[in-house]
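Morning, everyone. Let me put the structure up, and then I'll walk through a few parts of it.

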Amino acid sequence: MDLSLSPAELQFRDEVRAWLSEHHPGPEPQRTEEIVDFRLRWQRTLFDGGYVGIAWPRQHGGRGATLMEQAIFNEEMVRAKAPPPANIIGLVMGGPVIIAHGSDEQRARFLAPILNGDEVWCQGFSEPNAGSDLAAVTTRAEPVDGGWKVNGQKVWTSFAHRATWCMLLARTGDQERHRNLTYFICNMKQPGVEVRPLRQATGDSEFNEIFFNDATVADEDRVGAVGDGWNVAITTLMFERAGLSAASALAIQMELDELAALIRERGRQEDPVLRRRLSALIVDTETMRLNGYRGLSRVIERGVPGPEGSLAKIQWADINQRLGELALDVLGADGLAADSVWTRRMLRARANSIEGGTSEIQRNIIAERVLDLPRMR
Amino acid sequence: MDLSLSPAELQFRDEVRAWLSEHHPGPEPQRTEEIVDFRLRWQRTLFDGGYVGIAWPRQHGGRGATLMEQAIFNEEMVRAKAPPPANIIGLVMGGPVIIAHGSDEQRARFLAPILNGDEVWCQGFSEPNAGSDLAAVTTRAEPVDGGWKVNGQKVWTSFAHRATWCMLLARTGDQERHRNLTYFICNMKQPGVEVRPLRQATGDSEFNEIFFNDATVADEDRVGAVGDGWNVAITTLMFERAGLSAASALAIQMELDELAALIRERGRQEDPVLRRRLSALIVDTETMRLNGYRGLSRVIERGVPGPEGSLAKIQWADINQRLGELALDVLGADGLAADSVWTRRMLRARANSIEGGTSEIQRNIIAERVLDLPRMR
Amino acid sequence: MRFDLSDDQRAVRDAIDELCRARWDPAAMRRRVAGEDDGSQLWRELAGAGWTGAAVDQSHGGQGLGTVELALVCEGLGKALAPGTFFGNAAAAVLVQSAGDEQQRQRWLPGFAAGAMRGAIAMVQPDGSALALDADGAAAVVLVGPGHATIAAADSCSFESLDGIDVTRRLTRVHAAQAEPLPGDCGPALDRLEVAIGAELVGVAQRALDLAVEHARTRQQFGRPIGAYQAVSHRCADMLLDVESARSAVLCAAWTADHDAAVLPFASSVAKIAAAQGAWRVTGSSLQVHGGIGFTWEHDCHLLLRRAAASGRLLGGVDSHLDRISELRGLGPRSTTVSA
Amino acid sequence: MRFDLSDDQRAVRDAIDELCRARWDPAAMRRRVAGEDDGSQLWRELAGAGWTGAAVDQSHGGQGLGTVELALVCEGLGKALAPGTFFGNAAAAVLVQSAGDEQQRQRWLPGFAAGAMRGAIAMVQPDGSALALDADGAAAVVLVGPGHATIAAADSCSFESLDGIDVTRRLTRVHAAQAEPLPGDCGPALDRLEVAIGAELVGVAQRALDLAVEHARTRQQFGRPIGAYQAVSHRCADMLLDVESARSAVLCAAWTADHDAAVLPFASSVAKIAAAQGAWRVTGSSLQVHGGIGFTWEHDCHLLLRRAAASGRLLGGVDSHLDRISELRGLGPRSTTVSA
């Protein structure tokens with residue numbers, strides 16, 4: 001056990017830190033449209049600096065660094081308050097799945113534009129009636145000569161209006177739920193695909209709905225065998241979590257520092273109840289960060305991400321929601337004014353226990369796959 | 001809506017209060033054996049004063065008072081720190097069931113000795129493998145000429161070693177679970193019945209195990225039809241809760257006053273965190289008391305107890321457990337000494353969310369019978 | 001003793017529910033959220049039916065209803081996410097009535113009661129400015145500060161509208177050029193208002209629970225209604241416990257306000273705490289039970305959560321009421337009394 | 001960076017588990033609870049295997065193992081509900097080593113390390129008396145008060161035994177006729193001891209979780225193993241989260257104690273809070289999952305709960321550590337520093 005960075009890791013961290021302070025693009029614009037362009041330019045800068053696809057193998061255009069270095073990079077990005085690259089979905093989910101399950105042709109065709117941001121990806125899994133029960137997707141892909149014809153609706157997908165490719169999970173048969181799903185890479189730039197913004201409880205529209213009306217997918221854009229989409233998608237979701245939780249914890253720590261400053265600014269620091277609620281959040285955020293590093297060490301040992309990511313997901317949602325509530329209590333009646341960044345965070349955090357797998361589903365996963373308890377379904 | 005006592009209720013309360021201050025038997029002895037005798041004498045005193053079976057109909061030897069007066073009496077008993085009568089099981093569960101489901105002969109035979117305490121009753125429902133799942137009882141009653149032969153084991157029954165009669169739920173057929181249970185009144189004073197004390201986590205032995213080896217029950221001691229025992233038992237359990245929660249809340253309030261005194265005594269009253277934890281308990285105890293009175297008003301309107309008792313049961317267990325934890329935090333390291341009454345209460349409270357139907361079962365009942373949500377089973 | 005609603009009280013509850021069904025259905029509420037409805041139509045309906053005078057005594061042109069009835073009106077309006085105009089007017093009336101002098105009563109109460117001159121209240125903040133909900137269009141504003149209250153005619157006030165977390169009501173910052181103090185003790189009035197806020201929160205929580213239970217019965221996942229899973233059904237059971245506990249506490253405090261002044265401080269603190277915490281937990285749980293759909297702007301879950309967050313922080317917050325309870329129990333720095 | 005146990009550390013963990021399996025099985029533990037085993041046999045085993053010297057540096061006859069290794073030993077002993085003799089001796093050694101003068105080290109450490117003269121610690125209470133666990137039979141007692149520590153030879157102490165909430169260890173009230181102060185700063189030593197207590201609590205919580213999961217897999221109700229119900233399975237998932245979080249915090253703090261003194265106060269407070277709260281919740285949940293059987297004296301559930309309640313209150317309580325964290329973050333009356 002050694003919790004200090006190795007000389008190589010230290011050197012990498014210092015390189016990243018220096019590079020970020022030099023190339024930091026400054027604060028993000030407000031309007032969603034501008035944000036995408038801003039992040040596309042930023043991704044290009046990261047790419048030119050060699051900081052995209054940190055842990056991707058070199059032969060696939062990545063940096064070939066370790067998962068630990070990827071985690072270090074994530075933390076430095078958070079510490080520098082640097083925005084994420086535009087094509088985060090492609091980098092975290094789309095690319096790794098093609099590397100793991102795709103053909104050489106697909107690797108040659110899709111990986112490079114994911115890295116340099118020429119092609120943005122979006123996720124096409126969730127549907128109005130397939131949320132927690134992902135296997136219930138009803139979007140259908142029917143074989144037509146040369147490929148597939150897609151009809152259905154997807155929801156909760158971000159940047160869909162700017163995406164070139166969609167990771168599409170569609171039904172290709174009528175047998176048992178998990179057995180007849182197939183994973184496609186669907187071109188978003190075609191008449192059969194319509195994207196509508198979806199307004200959330202916060203008032204923002206981070207997400208979209210996608211409507212497929214006789215959209216077409218070439219058969220060479222299918223990943224994995226017909227009917228094997230469930231397994232492909234599951235890997236995708238596991239990659240989504242691996243190595244992110246330590247950086248997420250750091251992001252929360254920075255918000256907790258802001259909250260501590262707010263408590264001082266409002267002269268509430270003599271209130272031991274607020275202080276202890278803040279301390280309890282600091283403790284839980286620290287254990288989340290440490291769980292993340294222990295999990296990462298296990299992933300590195302095992303080579304593949306495991307279900308432990310569910311623990312971090314539960315902690316992350318719980319901490320963010322308590323943080324938002326504490327901030328409102330610090331602000332008191334002032335918290336009624338929605339211009340406060342804290343109000344927005346409080347509202348946004350309510351989705352944390354739903355998006356990316358509800359906390360209930362995460363507990364099912366832990367109970368069944370970590371504790372080996374019998375399943376009800 | 002009128003939350004003040006009516007003139008009649010006020011007069012009754014004052015009568016009870018005066019009578020209790022005059023006849024209070026003083027503090028209870030320590031040893032279990034002595035406690036039973038002490039409570040038997042106390043029940044006789046209550047009986048002679050006309051304060052047993054308050055809400056029982058006159059023709060069955062009761063006082064014929066209202067459920068509200070029963071609740072007022074319960075509160076006065078708590079306020080006066082008076083011990084319960086010895087035959088509490090017979091009074092709260094055994095008698096009411098015979099009044100509701102028994103034959104005239106059974107009423108004539110059993111009710112009077114329940115009231116005056118000549119015959120103590122105990123409960124024979126729970127079994128090692130039938131806890132939450134009460135319908136899973138395996139104790140069997142087989143027909144023999146003139147009656148039934150009983151074999152099996154019961155658990156978590158109090159005063160069994162001093163009881164004359166046991167409310168016995170036994171299997172009398174092999175068909176579907178609920179359909180073949182029968183409710184018997186089993187004589188405990190026979191060779192086929194063996195009682196063993198059961199030591200609990202607290203170190204005390206409030207409860208016993210009962211072993212039935214070819215014990216016999218006369219057929220005239222069967223309550224309700226053969227195979228109808230489930231419905232009879234359910235009424236029993238509902239009677240157990242009705243009108244008790246307001247008095248239980250008062251008992252907790254008195255403990256909270258003790259805890260407030262302890263906080264002052266330990267000079268911890270400058271600690272706002274302890275103070276607010278205490279206040280939160282005071283609030284929840286008050287709402288429990290008020291829920292109890294609202295529920296009682298509903299019962300009086302409807303005539304029968306309903307599933308709302310489950311809400312009070314959940315609150316009662318939760319409050320007692322938090323109270324025990326808060327007391328330990330007030331005591332600090334001193335709390336490590338088990339001679340403290342608080343340590344004992346903390347440990348005892350851990351069973352509150354298990355005994356008389358676990359909090360999980362109570363939530364099932366609320367979800368299915370109050371909120372009409374679909375059941376999983 | 002009888003702890004349930006009388007027939008007259010049930011009639012009040014049903015009348016308000018009926019009025020909201022007819023005049024403030026979800027569509028009207030959404031128009032209000034979108035800024036396309038200033039709520040004046042509903043106000044005229046409330047005035048026409050005489051509800052605006054509910055809390056004003058008859059000698060000043062009101063109906064002089066009890067606090068229980070006032071609470072039932074607030075609960076019904078909360079359930080429908082109606083504007084805060086009724087509460088603001090009733091709050092101003094209660095304060096003027098119990099803390100104002102006879103001249104102030106003569107001047108303001110008849111107008112408040114008839115709905116012709118609407119009253120509103122604003123909470124004075126540490127920085128001296130005051131925050132109000134749906135105060136725009138009011139004829140007078142009662143500014144409530146720690147331990148004192150003043151009243152200002154609207155024409156001597158400036159209203160700066162803010163984006164509020166609660167989009168079902170309009171948040172404004174009020175500056176009063178000149179305001180005259182209400183000479184009396186406003187403590188009892190404020191306790192009654194905490195009860196009214198608690199009642200509104202009970203309505204909000206009840207609605208959130210109803211939506212969650214309905215969704216849990218119908219939404220299918222993994223081949224079952226999600227209400228069959230204990231993660232959902234037990235959450236709903238806890239929501240019911242919160243709603244019923246808050247309702248019991250609010251009804252008791254409302255009755256106490258009219259019958260047992262000595263116990264009112266304790267009862268109203270219990271009511272505000274139970275209602276504020278309960279509504280916050282229940283609206284949050286309801287959103288969770290709904291999943292993704294509950295996080296969309298079109299669904300009412302977030303409106304209920306926003307309203308619970310806002311009303312729970314009107315007048316006294318939960319912590320201040322917890323502290324008051326420990327003082328009433330003889331604990332805490334400022335307390336000298338001995339535990340009951 | 002690598003956040004998992006080295007092969008040597010795994011060997012320490014396995015050796016302790018093996019020793020407990022062989023020498024402190026549930027039957028032995030029960031004899032101890034019944035007062036039929038004074039634990040001296042286990043002590044001799046620990047001494048024979050050299051564990052009693054784990055925390056003593058080699059120059060004074062110990063093994064000079066790291067704090068991570070010390071934590072692993074404490075976790076294993078906690079899992080087996082072993083007596084507190086090992087911790088008491090290690091705690092006395094750590095305090096004398098880091099806060100004692102060379103003469104005190106010479107006098108006591110070799111005996112502590114060899115196990116020939118056992119050390120113990122006692123916590124000084126507000127009333128001046130001191131409470132200790134399994135101090136009877138010790139050769140010396142280190143009395144820990146707020147910010148200072150003294151050491152007393154056992155023959156100058158009187159031991160009054162009390163009934164303790166934790167029946168797996170013997171509670172005694174210690175009065176020291178004469179004790180000499182440890183001149184050094186005992187802060188860093190106390191932080192290491194909080195980590196050791198945290199490690200013991202991780203072992204207790206792990207055992208409670210293992211028992212609950214085993215019961216949930218096998219216990220049948222309503223025709224299913226109860227672990228198939230989310231009321232049980234989700235509770236077990238939360239228990240795992242508590243156990244893993246406490247373990248991460250304790251291991252990090254143990255490593256920090258030997259590598260980064262500046263961060264130790266924060267790390268040890270995090271570890272003690274996570275372990276004390278986690279073990280309390282997990283042992284309580286385990287009893288609940290077990291139902292009635294878990295409330296019987298014969299079942300280990302209550303022994304684990306009792307031990308969690310006791311160890312969670314040794315040295316600093318959760319609230320005092322929460323306050324220290326806010327001070328380290330620049331919040332709180334006594335703090336002047338600015339938030340990191």
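**Chain A and its neighbours**

Start with overall size: chain A has 377 residues and a radius of gyration of 21 Å, which agrees with the value near 21 Å for a compact globule of that length. That radius is taken over C-alpha atoms, and the globule rule is 2.2 Å times the number of residues to the power 0.38.

Before going on, the ground rules. This is a predicted model, where local features need pLDDT of at least 70 and side-chain atom pairs count only at pLDDT 80 or more, while totals for chains, interfaces and linings use all residues. Residues are numbered from 1 along each chain as its sequence is written, and chains are lettered from A and ligands numbered from 1 in the order in which they are written.

Back to chain A. Its C-alpha trace spans about 70 × 45 × 45 Å along the principal axes. It has eleven helices and eight strands. These are DSSP runs numbered from the N terminus: helices are H or I, at least four residues, and strands are E, at least two. Of the 377 residues, 49% are buried. Buried means 20 or more other C-beta atoms within 10 Å of the residue's own, exposed means 12 or fewer, and partly exposed is in between, with C-beta atoms placed from the backbone. Among contacts with a separation of 6 or more, 70% join residues 24 or more positions apart. A contact is two C-beta atoms, placed from the backbone, within 7 Å.

Now the interface with chain D. Here 42 residues of chain D touch 42 residues of chain A. On the chain D side, helices H7 (187-218), H8 (230-259), H9 (264-290) and H11 (318-328) each give two or more residues. H8(D) gives the largest share, 14 residues. By class, that side has 24 nonpolar, twelve polar and six charged residues. Nonpolar covers Ala, Val, Leu, Ile, Met, Phe, Trp, Tyr, Cys and Pro; charged covers Asp, Glu, Lys and Arg; the others, Gly among them, are polar.

Next, a helix pair in chain B. How do H8(B) and H9(B) pack? Helix H8 (272-302) and helix H9 (309-331) of chain B lie with axes 10 Å apart, at an angle of about 160°. They are therefore roughly antiparallel, a label for angles over 145 degrees. Residues that meet include B:Leu281 and B:Met288 from H8(B), and B:Trp316 and B:Ile319 from H9(B). That contact has eleven nonpolar, six polar and four charged residues.

Last stop, chain C. C:Gly187 sits in helix H7 (187-218) of chain C. It counts as partly exposed, because it has 13 C-beta neighbours inside 10 Å.

Conventions
Axes fitted to C-alpha atoms, helices over the stretch in contact; angles between N-to-C directions. Parallel < 35°, antiparallel > 145°, perpendicular 65-115°, else oblique.
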